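I opened my notebook beside the model today and jotted down what I looked up. Here are the entries, in the order I made them.

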Amino acid sequence: MGTTSAVLLVFVGCCSNVVFLELLVREFPGCGNIVTFSQFAFIALEGFIFETNFGRKKPSIPISNYVIMVTMFFTVSVINNYALNFNIAMPLHMIFRSGSLIANMILGIIILKKRYSASKYMSIVLVSIGIFICTIMSAKQVNMETGGSEEDGVYSFMRWLLGIAMLTFALLMSARMGIFQETLYKQYGKHSTEALFYNHCLPLPGFLLFSSNIYNHSVSFSQSTPVEIPVIGVTVPVMWLYLLMNVITQYVCIRAVFILTTECASLTVTLVVTLRKFLSLIISILYFQNPFTVWHWVGTGVVFLGTLLYTEVWTSVRTALRGPDIKEKKAQ
């Protein structure tokens with residue numbers, strides 16, 4: 001598969017995945033566990049067949065290391081999806097997760113003793129300001145939209161704060177997992193597809209902790225409005241159809257990003273993923289008519305400006321544009 005196809009699949013797969021997730025969450029806000037479990041089970045099954053050859057291929061990285069990484073990955077995935085049950089709007093959810101650069105830099109400084117250039121620190125300041133603006137404006141909306149008594153308003157706001165705390169914890173845990181994964185790859189070499197399989201297979205028993213929640217949502221999904229699938233003519237409950245499409249598009253999204261990392265430089269991958277997040281945000285606002293004020297747009301713009309500054313896109317574009325002039329001067 002070429003670079004163009006991979007980029008196209010990233011936009012199609014990841015953006016449509018966000019749409020189906022929002023369709024699920026709007027109907028059942030607490031369905032994060034069944035969504036996460038379905039995604040993990042599908043990717044684990046695919047990896048068991050094609051990556052491990054039905055369990056006959058031994059892992060290149062020791063299982064003990066995967067257990068540590070999987071614990072972090074499972075925690076991050078469950079908390080990110082479960083946070084949607086705490087008055088967290090989908091646009092804020094996407095903007096908040098775009099703050100991974102902050103967490104990566106903070107933990108990089110603390111754990112790896114890294115030092116960064118002034119432009120990197122400036123970019124992190126911009127991302128932090130953007131997320132702060134969006135978070136504050138969302139907090140005001142929670143207060144304004146809450147009906148009933150003052151006690152109900154306080155309760156809703158406290159639930160929202162708990163959701164923000166969950167997203168913050170997941171952000172830091174995800175960054176820590178990235179650092180741990182980086183050290184593993186340095187020691188044992190890159191085995192991305194293997195890691196993808198074990199990250200999704202080993203946590204499956206952990207979903208037993210949420211079995212009652214998953215079962216209850218399975219029953220609710222089965223009682224949803226039936227729809228007919230156009231091509232094959234089979235009638236299924238609409239929520240199961242949304243879940244199936246969410247799982248398939250999640251797989252397409254993950255595989256496309258993986259292919260992109262093998263075909264392109266990390267800068268290109270970061271730029272594509274950043275633009276994809278921005279497009280997903282636009283779709284969520286326009287298609288689902290999520291409340292988004294002028295200040296939300298300002299905060300979003302600052303977040304993505306900081307992200308592009310961090311990846312030094314401007315420098316690369318400027319170098320590319322000056323390339324022909326430099327070559328001509330050298331020829332003269």
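This is a predicted model: local features need pLDDT of at least 70, side-chain atom pairs count only at pLDDT 80 or more; totals for chains, interfaces and linings use all residues.

I started with serine 218 and its contacts (heavy atoms within 4.5 Å). Leaving aside residues up to four places away in sequence, serine 218 touches Ile34 and Trp240. I found serine 218 in helix H9, residues 211–222; helices here are DSSP runs of H or I with at least four residues, strands are E runs of at least two, and both are numbered from the N terminus. A polar atom of the serine 218 side chain lies 2.8 Å from the backbone oxygen of isoleucine 214. Serine 218 has a relative accessible area of 18%, and buried means under 20%, exposed over 50% and partly exposed in between, with a 1.4 Å probe and protein chains only.

Residues are numbered from 1 along each chain as its sequence is written, and side-chain values use heavy atoms, with hydrogens and water left out.

Next I looked up asparagine 199, which lies in helix H8 (residues 192–201). Asparagine 199 is buried at 7% relative accessible area, and beyond four places in sequence it touches Phe40, Met69, Val70 and Phe73.

Then I turned to the nonpolar cores, that is, sets of buried Ala, Val, Leu, Ile, Met, Phe, Trp, Tyr and Cys residues joined through side-chain atoms within 4.5 Å. The largest has 59 residues, and Cys31 and Phe221 have the most contacts inside it. Helix H7 (residues 150–188) gives the most to this core, with 9 residues. Another core of 10 residues lies apart from it, with Ala6, Cys14, Ala256 and Val272 among them.

Why do I count cysteine 31 as buried? Because its relative accessible area is 1%. Cysteine 201, at 25% relative accessibility, counts as partly exposed. The structure holds 1 disulfide, a pair of cysteine sulfur atoms within 2.5 Å. This disulfide joins cysteine 14 to cysteine 253, S to S 1.9 Å. Cysteine 14 sits in helix H1 (residues 3–27) and cysteine 253 in helix H10 (residues 238–263), 239 residues apart. I noted that the link is right-handed, with 85 degrees about the S-S bond.

Last, the whole chain: I counted 13 helices and 2 strands, and 44% of the 332 residues are buried.

Note on methods
A polar contact is a pair of N or O atoms within 3.5 Å; within protein, one must be able to donate a hydrogen and the other to accept it, and residues adjacent in sequence count only if both atoms are side-chain atoms.
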